[in-house]
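The sequence and the structure come first.

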Amino acid sequence: MNLRSSPRFAKRQPIVEVDLNKRLDGGEKSQLEENGEVSEAVSVEKSKDKMVIDDDEEGKGKLVVEEGQSSIYNNEVTQSSAREVFEGGRSRRRVKTRMAKESRKESGRKVALELAPKYAFFKADEESSEEEEEEDLAVNADQNEDWPGPFSTAMKIIRDREQILIARELNSSSKKNDDAGVKIQWSPSKDKKVKTFGKSPPSLHDLCMKVLCDNAEEVESLYGVPDAIKHRFVSHLCRSRKMGSRVLGLLVSGSPTEIHLSDCSWGTEGEFEEAFGGCNTEKLKVLELNISGRCLPDYVLRGILARSIKNLPLLTKISFRGNYRLSDDGLNAIVSSAPSLSCINLSQCSLISSAGIINVAEKLESVLKELYIDECQDVDAMLILPSLMKLKNLEVLSVAEIETVSNKFVRKLVSSCGSTIKELGLSGCRKLTAGSMKVIGESCSLLRSLDLRNLNRLNDLAIGYLANGCRSIQKLKLRRNAFSDEALAAFLEASGGSLIELSVNNFAKVGQQTAIAISRRCSSTLKTLDLSFCRNMSDEALGLIVDSCSNLQILKLFGCTQVTNVFMEGHSNPAIQIVGSKGPVLDRIQLPEYL
């Protein structure tokens, strides 16, 4: 076939007529070979007037381009095969380019890995000690679990009981194996008069308090009213946002012994300066001014409270929770005016730093018993540790949500003050592991309250240490921990006989064994129980708990979507208040009281 005669190629003759000698002279052929355009399977021959391209070694099928003529010897080669020959060279170049890029990336990764240790910042001493402690605990975990003690004995009893119940279930029925397990025997009461999810009738005291709150501006005097009633009256006003400067003036007039204001966000600086201007603080023992950042900066506090040194001689408890304008200088002035302070609440005071806490500990070394510094992010736990270790009578310490609290901090603090500590708040201190729980269990024999919420690194071994050492805990708060159902049940069997308040919030594993342990060991003491988001708790398990714990007053079931009317209408405890499942919620929420 003569391509020149085709109309399609008639106008493309100049492209064919090339100087082949010039094209391939010099180093161009070698350059083509390096780029992959010419390989062993493709050879380029040159002569004076033609170029021949072979696509195989035997010369089968060749494309010949002569001067003034284009022709294809089509024994096995077509125009597309020639195009494929040239396209193959391009594809090989792309592959080589891609491989080169990947090689550069890989070499970059290797360089980054080599340089990373030089530029990474870490505290080698603390991390290495904690890692060594974790390794020791992991190695000895199985051995420690078999040590004789209340926790290991309770674990053995629970496992044996589970095996017996499973075997009994298998022998007494023809159910499938996946249905076999611990079955709680509980039957709903036939008395349908028990209604705990509706709003209970208010007491006479509540009705009178509501009338007073609705007519607070008409109250002429609070003289002679007991402090407990004053406190409740003002608390109702703060919660309902009806507190004002007139009631504040009545509250602080004369020589009060206690002033409780759970929310001061309604007031201004001028209103507080005017109200406290005529207040005699010589007899003041308790002062609570929470959420007061808007109205009580440092200079106002100095003017109304710290007028002179030892201006508050009898003040023992003070709370400035949520005062975002209180700094170290203002705190120092208050502490200098109140030499008898035994309880200080500085939670959520964002301007308080380590220097302020050190100053407090040094000035109140012999009298300070309770210290709350939750969410004070400018406080470094390791910096204030030496000062805390000097406190001779420390009984309550809450350091919730302080990121610098570690196993080393707990170990050194407890070794110095463990014999006197009764309450520990460690919520949100996510560095803590089973090592810190071991020290607490061994040293804090008087511990009554422990807050371990949101500590996701604790395991069954940790709660075992607490069960063996802390045998008189009355308040335990847990949330999103990794404890198993059997381990928590063993703790309750060993050390749950004194529990008054138990929070087991958002536990995926808590179920039947924990329910049985609560009904057995906490039946006479437990008053408040939080099982919110524990969706493995069946109606039968909840019914067993509520019917067995005769003193149980509040049961929180937020997020327990598995609960049905079988439990809600079938339990036999008319005095209990179930919160979070049905009925009003806000009326049942108890605000925290730090004083």
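Helix 15 (residues 381–389) packs against helix 16 at an angle of about 5°, with the axes 10 Å apart. Axes here are lines fitted to C-alpha atoms, for helices over the stretch in contact, and angles run from 0 to 180 degrees between N-to-C directions. Helix 15 is therefore roughly parallel to helix 16; angles under 35 degrees count as roughly parallel, over 145 as roughly antiparallel, 65 to 115 as roughly perpendicular and the rest as oblique. Ala381, Met382, Leu385, Leu388 and Met389 of helix 15 make the contact with Lys408, Phe409, Lys412, Leu413, Ser416 and Cys417 of helix 16, where contact means heavy atoms within 4.5 Å. By class, the residues of this contact of helix 15 with helix 16 are 8 nonpolar, 1 polar and 2 charged. Ala, Val, Leu, Ile, Met, Phe, Trp, Tyr, Cys and Pro count as nonpolar, Asp, Glu, Lys and Arg as charged, and the others, Gly among them, as polar.

The model is predicted: local features need pLDDT of at least 70 and side-chain atom pairs count only at pLDDT 80 or more, while totals for chains, interfaces and linings use all residues. Residues are numbered from 1 along each chain as its sequence is written, and side-chain values use heavy atoms, with hydrogens and water left out.

Helix 16 (residues 407–417) also meets helix 17 (residues 434–443), the axes coming within 9 Å and crossing at roughly 10°. Helix 16 is thus roughly parallel to helix 17. On the side of helix 16 the contact uses Asn407, Val410, Arg411 and Val414, and on the side of helix 17 it uses Ser436, Val439, Ile440 and Ser443. The contact of helix 16 with helix 17 holds 4 nonpolar, 3 polar and 1 charged residues.

The protein chain as a whole has 22 helices and 17 strands; helices (H or I, at least four residues) and strands (E, at least two) are DSSP runs, numbered from the N terminus. Of its 595 residues, 42% are buried, buried meaning under 20% relative accessible area, exposed over 50%, and partly exposed in between (1.4 Å probe, protein chains only).

Strand 14 has two parallel partners, and two strands pair if DSSP finds at least two bridges between them.

| Strand paired with strand 14 | Bridges | Residue pair standing opposite |
|---|---|---|
| Strand 13 (residues 475–479) | 5 bridges | Lysine 475 and glutamate 501 |
| Strand 15 (residues 528–530) | 3 bridges | Leucine 529 and leucine 502 |

From strand 14 the chain crosses through helix 20 (residues 512–521) to strand 15 in a right-handed β-α-β crossover. Strand 13, helix 19 (residues 485–495) and strand 14 likewise make a right-handed β-α-β unit. Right-handed means that, with the strands pointing away from the viewer, the path from the first strand over the helix to the second runs clockwise.

Strand 14 (residues 501–505) is largely enclosed by the rest of the structure, because 4 of its 5 residues are buried. Leucine 502 lies in this strand and is buried, with a relative accessible area of 1%. Beyond its neighbours within four places in sequence, leucine 502 contacts Leu476, Leu492, Ile518, Leu526, Thr528, Leu529 and Asp530.

Helix 13 (residues 328–337) has 7 of its 10 residues buried, so it too is largely enclosed by the rest of the structure. These buried residues are Asp328, Gly330, Leu331, Ala333, Ile334, Val335 and Ser337. Their cover includes helix 12 (298–304), strand 7 (317–319) and helix 14 (354–363).
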